[in-house]
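Colleague: Before we go through the charged pairs, the strands and the rings, could you put the structure up for us both?

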Amino acid sequence: MSKDIRIKKGLDIKLVGEAEQVTTELPLGSTFAVKPDDFHGVIPKILAKEGTEVKVGQALFHAKSDERILFASPVSGKITEIVRGARRKVLAIKITADAQQEYKDFGKKDVDSMSGEEVKNHLFASGCWPFVKQRPYDIVANPNQAPKAIFVSAYASAPLAADYDYALKGKEAELQAALTALTKLTEGKVHVSVAKNSTLSPFKSMKGVELHNVSGPHPIGNVSTQIAQIDPINKGEVVWVVTPQDLVVIGELLLTGKFNAKRTVALAGSKFNKPQYVSVLAGAQIADVVKGNLDADNARVVSGNILSGLQVDENGFLGYYDNQVTAIPEGDDYEFFGWNKPVFNKISTSRALTFSWLNPKKKYDLNTNTNGEHRAFVVTGSYEEVFPLDIYPLQLLKACMYKDLDEMEGLGAYEIAPEDFALTEFICVSKQPHQKIIREGLDLMREELG
């Protein structure tokens, strides 16, 4: 049985440079990195020192808070550098890959006969537990707290997002194995959301899950939007979240005994000569991922989507959870009297001087200009137009800024993740960093309230 979910509030940002449905298998790069900052809130305890030889799936570090939560190497090779920042904080563990990859064998499993505790222990041992994240706080899941439900959003609505129906084609067996494993981890339901108009989604044939058909503008693909519509979070409750590309890694582990962090990554945006899909491992160097395809002149490269991704240079690395690399023009030009003339080449929710509403299907080649400077919050009512959750976004942002925990709790902070405020940040006339404000607010709640 499926349930339809439709939202009206939101904003689709249509950009040129959508990835063509062609996948190129890239050669194995030479350098990979695992960055602890990709796992928000985790303090790493290093297990593998510089000079150590590691296999694929071998643990590089564990979480200080729980030594069962291991973080695995995506490649076999030698650890060449542990990059540290201020106060010796670990920023990255760099690995030079072997020409011939060697896998640590975790053993094939019959997931149907496994208990919930056995599934959990297998995910711990193999380094797959970090793929399970939780609400509240949008962090790696606390294994000691049982979730009331588990959510998978198999529809990405962010600008130029990878098409899961294409990227997961042929992965039905892995997806089913992983979903079956997830059903053992909760007494509640495993909810999977797919696009209502999708006919090719591999999730439509999955057993043991509750399927939901979703439609509407972005952020309908954000899992917080779906949780709010299906089974909202109340104080004291926890839900777990897994992305479709991470389900494939978990499923392959169960079926083959190998940890394989290979992803089908969308290269999207107007600065790619040929926007397309590539098959690469998590933690790959960006230079290897975009090689020969990027128009590097005046380009900004983002690991993830342009609303919530992280800016990287070619010496940077693909984020551990990312299945998209976006490249758009850098906005370093200045428009003289730009505020005082009609605008036809920009997106706006306002009809004052902008005419994007006249042609809703037009695709834009936007750059990174903020078209304004950082200033005090202005109450315009525009956030509510693009924010579908039953939350007052401006009031919650302000509560996070003046650190009122009771107010944050009352305004629904348990339900949200920073990415839910990417659209309000995009349209903000005050140019406030909404996602950063929300992340700092959630961190404060976690420290104070646990």
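Predicted model: local features only at pLDDT ≥ 70, side-chain atom pairs only at ≥ 80, totals over all residues.

Colleague: Which residue forms a salt bridge with Asp295?
Modeller: A salt bridge here is a side-chain nitrogen of Lys or Arg within 4 Å of a carboxyl oxygen of Asp or Glu. For Asp295 the closest N and O atoms of the pair are 3.5 Å apart, and the partner is Lys271.

Colleague: How many residues apart are the two, and where do they lie?
Modeller: Helices (H or I, at least four residues) and strands (E, at least two) are DSSP runs numbered from the N terminus. Asp295 lies in the loop between helix 6 (286-290) and strand 18 (299-303), whereas Lys271 lies in the loop between strand 16 (262-268) and strand 17 (276-281). The pair thus links distant parts of the chain, at a separation of 24 residues.

Colleague: Is Lys271 buried or exposed?
Modeller: Buried means under 20% relative accessible area, exposed over 50%, and partly exposed in between (1.4 Å probe, protein chains only). Asp295 has 32% relative accessibility and is therefore partly exposed. Lys271 has 12%, so its class is buried.

Colleague: Which residue pairs with Arg300 in a salt bridge?
Modeller: The closest N and O atoms of this pair are 2.7 Å apart, and the partner of Arg300 is Glu330. The two are 30 residues apart, with Arg300 in strand 18 and, in the loop between strand 20 (324-329) and helix 7 (383-386), Glu330.

Colleague: How many salt bridges are there by this rule?
Modeller: One of them joins Glu210 to Lys189, with the closest N and O atoms 2.9 Å apart. Elsewhere Lys133, Arg135, Asp138, Glu419, Arg439, Asp443 and Arg446 are linked in a network of salt bridges. The count comes to 22.

Colleague: Which residue is the bridge partner of Ile46 in strand 6?
Modeller: Strand 4 and strand 6 (residues 59-63) run antiparallel and are joined by three bridges. In strand 6, the partner of Ile46 is Phe61.

Colleague: What kind of pair do the rings of Tyr320 and Tyr321 form?
Modeller: Rings of Phe, Tyr and Trp (its six-membered ring) pair if their centres lie within 6.5 Å, and planes under 30 degrees apart count as stacked, over 60 as edge-to-face and the rest as tilted. Tyr320 is buried at 3% relative accessibility, and Tyr321 is buried at 13%. Their ring centres are 6.3 Å apart and their planes stand at 85°, so the pair is edge-to-face.

Colleague: How many aromatic pairs does a search of the whole structure find?
Modeller: Ring pairs link Phe39, Phe61, Phe71, Phe131, Phe259, Tyr320 and Tyr321 into a cluster. Over the whole structure, the number of aromatic pairs found is 13.

Note on methods:
Residues numbered from 1 in each chain as written. Heavy atoms only, no water. Pairing = 2+ DSSP bridges.
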